[in-house]
Amino acid sequence: MVKRNLARRLVQALIVLTGVTLLIFVMLRIVPGNPVETMMGEHANAETVARMTAEMGLDQPLHVQFFRYISSAVRGDFGTSYSMGKPVSRLIGGAFVNTLILALFAALFAWVVGIACGIFSAVRKNRLPDRLFMGFSLLGISLPVFMAAMFLQYVFAFRLQWLPISGTESWTGFILPAVALGWNSAGQVAQMTRTTLLETLQEDYIDTARAKGRGPFGVLIRHALRNAMLPVLTMMAIQFSGLLSGAVITETVFSINGVGRLMVQAISGRDIPLLQATSLLATTVVILGSLLADCLYSVLDPRIRKEG
Amino acid sequence: MLRTKRKRAEQAADLLLQSQIGEEERFRDLMRRMVRENKTAAASFVLIVLMVLAAALGPLLTPYGENEMDLLHRLAAPSAEHLLGTDEGGRDVLTRLLYGARVSLLIGVAPALLSLILGAALGVAAGYRGGLTDAVIMRVADVTLAFPSMLLAMVIMYALGGGILNVFLTLTLVNWANVARVVRAQTLKLKNCEFVEAARIIGVSRGRIMRRHILPNCLPTLLVLFTLNIPASILTESSLSFLGLGIQPPNASWGLMINTGRQYLYSAPWLCFAPGAAIMLIVLAFNFLGNGLLDVLDPRMKKQ
């Protein structure tokens with residue numbers, strides 16, 4: 001049953017992915033104007049433009065272009081960047097490493113801080129620490145990423161000069177961007193952990209564990225937390241893919257050469273192949289993330305596993 | 001967060017259906033209870049009203065004009081004359097904040113409303129008609145939801161170009177799928193309710209059943225979604241404008257003010273932090289209000 005369910009989800013994900021590719025492809029091609037003209041400037045003569053257009057296959061009907069794109073994309077060829085003149089796959093490969101490191105740091109921050117705050121809040125429910133942490137996490141959810149990023153940059157890099165303002169020469173350069181990026185997720189994890197932990201603590205088996213003579217710490221960690229973490233874990237899988245694809249602003253503020261920044265550069269350079277590939281990559285990551293979350297849930301929760 | 005909120009909105013709507021609330025009078029009672037019990041939500045509501053008033057009465061509150069330059073006092077720090085300082089053209093930041101509030105608030109409300117209408121119409125149609133209509137609408141919704149919203153907004157803005165109207169359109173296209181999904185789920189439940197069946201039996205037309213019997217019962221959920229979509233729209237717009245892809249000068253929104261103020265982050269930090277604080281306040285207020293509405297609609301949450 002599990003396998004069949006998984007196969008169904010996989011097929012669904014593939015369909016969505018195809019839809020996404022088609023949507024991106026069509027949207028980028030309804031932009032008025034020939035990209036070759038944009039690329040070559042005002043003074044290009046008509047003959048060269050026509051030759052280039054034919055060379056790049058842009059004179060073909062849209063569906064031919066689409067299938068051609070798909071068939072080379074499957075083989076890892078995403079075309080050549082208009083604005084940078086390099087193969088898109090190579091540009092993205094380098095940038096993806098930076099984004100991955102950034103997202104990992106951000107996730108680490110979000111999960112450690114978020115879970116710790118969530119547990120603490122649940123244990124001290126409705127007391128001062130709870131109020132404080134929950135207020136803080138709401139602030140985290142409402143603070144736009146670019147404000148968090150600029151605030152951190154101003155205070156810790158410019159005023160206190162503890163950390164570099166931008167760049168990724170050393171790992172310390174990743175700290176501020178990671179905190180800025182993970183801030184939001186930390187708030188969400190904290191709230192989720194608190195809610196599910198409070199719900200779990202009211203279950204009968206917690207009373208049983210207490211009656212058995214387990215200490216309060218043992219009950220909290222071994223019995224309550226283990227069961228409460230399920231929804232949190234699923235959320236984290238979804239979040240991680242969100243972090244990977246949501247680094248556009250953080251990377252721009254801190255000048256990190258990642259996929260997000262590449263995407264902004266692609267937009268300002270009207271670079272269709274690059275924009276197409278970066279947005280496709282980001283969306284794929286998100287689809288994979290939610291697929292992973294589903295699998296994780298059914299593996300970790302025996303009840304779902306049985307129901308199939 | 002949005003995921004959990006959507007789930008909670010659905011649960012709340014379920015409970016409403018079960019307890020047969022949803023008539024207008026009971027709904028008004030609920031609102032009253034929210035104001036009485038949830039002080040944060042009530043305070044947020046007051047704050048939102050104040051901000052709307054300030055945006056509407058902007059010109060009366062400040063002695064300066066929106067684009068009044070004063071090159072002798074460029075980048076002046078906050079003082080008694082300029083409460084929030086001046087920008088690179090010597091324009092009063094507080095004044096520009098008040099004028100920018102018009103754009104930012106409008107961008108919060110208009111696309112949220114548009115996506116609500118579009119999403120509700122498509123969601124009801126998908127849920128009630130089923131079959132091919134359902135399949136087509138929901139697959140398109142799936143594809144839309146698969147995009148991270150910021151990314152989708154960036155791609156659409158690229159295709160359409162900058163400007164207020166395009167931002168409206170983009171945010172509507174980004175947010176409708178969420179609404180459609182929730183409304184569809186509700187419609188599926190309502191479809192088999194006795195009163196809908198009764199209407200069907202006495203020969204009420206399909207369109208009329210959708211309009212008069214199903215949609216009104218989705219209203220509480222729609223209200224919550226609307227309240228939560230507003231801050232989401234404001235955040236997306238400010239992020240787009242921050243990247244230079246959203247509102248274009250001479251229009252001013254808070255996001256755009258931060259975009260231009262960024263170059264002066266170290267010499268004149270108020271250029272970024274004043275509009276940033278404004279965005280945070282309004283987003284926080286709408287989130288509190290949305291959560292307050294949810295709590296009132298979902299009685300189980302009150303116990304905690």
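## What "buried" means here

A residue counts as buried if 20 or more other C-beta atoms lie within 10 Å of its own. Keep that in mind as we explore this structure, which is a predicted model.

## A covered helix in chain B

Let's begin with α7(B), which is mostly covered: 10 of its 12 residues are buried. The buried ones are B:Ser149, B:Met150, B:Leu151, B:Leu152, B:Ala153, B:Met154, B:Val155, B:Ile156, B:Met157 and B:Tyr158.

From its first C-alpha to its last, α7(B) reaches 16 Å, close to the 16 Å expected at 1.5 Å a residue. After the helix comes B:Gly161, with a positive phi near 90 degrees.

## Chain B as a whole

Chain B holds 12 helices and zero strands. Of its 304 residues, 47% count as buried.

## The nonpolar core

The largest nonpolar core has 154 residues. Those with the most contacts inside this core are A:Phe146, A:Ala149, A:Ala180, A:Val189, B:Ala153, B:Met154 and B:Ala180. Helix α5 of chain B (residues 93-129) gives the most to the core, with 17 residues.

What does A:Ala180 touch? Leaving aside neighbours within four places in sequence, A:Ala180 is in contact with A:Val145, A:Ala148, A:Ala149, A:Leu152 and A:Thr250.

## Where the chains meet

The contact between the chains takes 36 residues from chain A and 32 residues from chain B. On the chain B side, the elements giving two or more residues are α6 (131-146), α7 (149-160), α10 (206-242) and α12 (270-297). The residues of that side divide into 25 nonpolar, five polar and two charged.

## Two packed helices in chain A

Two packed helices are described by the angle between their axes and the distance between the axes. In chain A, helix α5 (residues 88-123) and helix α6 (residues 128-142) pack at an angle of about 140 degrees, with their axes 8 Å apart. The crossing of α5(A) and α6(A) is left-handed.

Which residues meet there? From α5(A) come A:Cys117, A:Phe120 and A:Ser121, and they meet A:Pro129, A:Asp130, A:Phe133, A:Met134 and A:Ser137 in α6(A). The residues of this contact divide into five nonpolar, two polar and one charged.

Terms used: Residues numbered from 1 in each chain as written. Chains lettered and ligands numbered in written order. Predicted model: local features only at pLDDT ≥ 70, side-chain atom pairs only at ≥ 80, totals over all residues. Core = buried A, V, L, I, M, F, W, Y, C linked by C-beta atoms within 7 Å. Helix = DSSP H or I, 4+ residues; strand = E, 2+ residues; numbered from the N terminus. Contact = placed C-beta atoms within 7 Å. Nonpolar A, V, L, I, M, F, W, Y, C, P; charged D, E, K, R; others polar. Axes fitted to C-alpha atoms, helices over the stretch in contact; angles between N-to-C directions. Left-handed = near helix turned anticlockwise from the far one by under 90°. Expected span 1.5 Å × (residues − 1).
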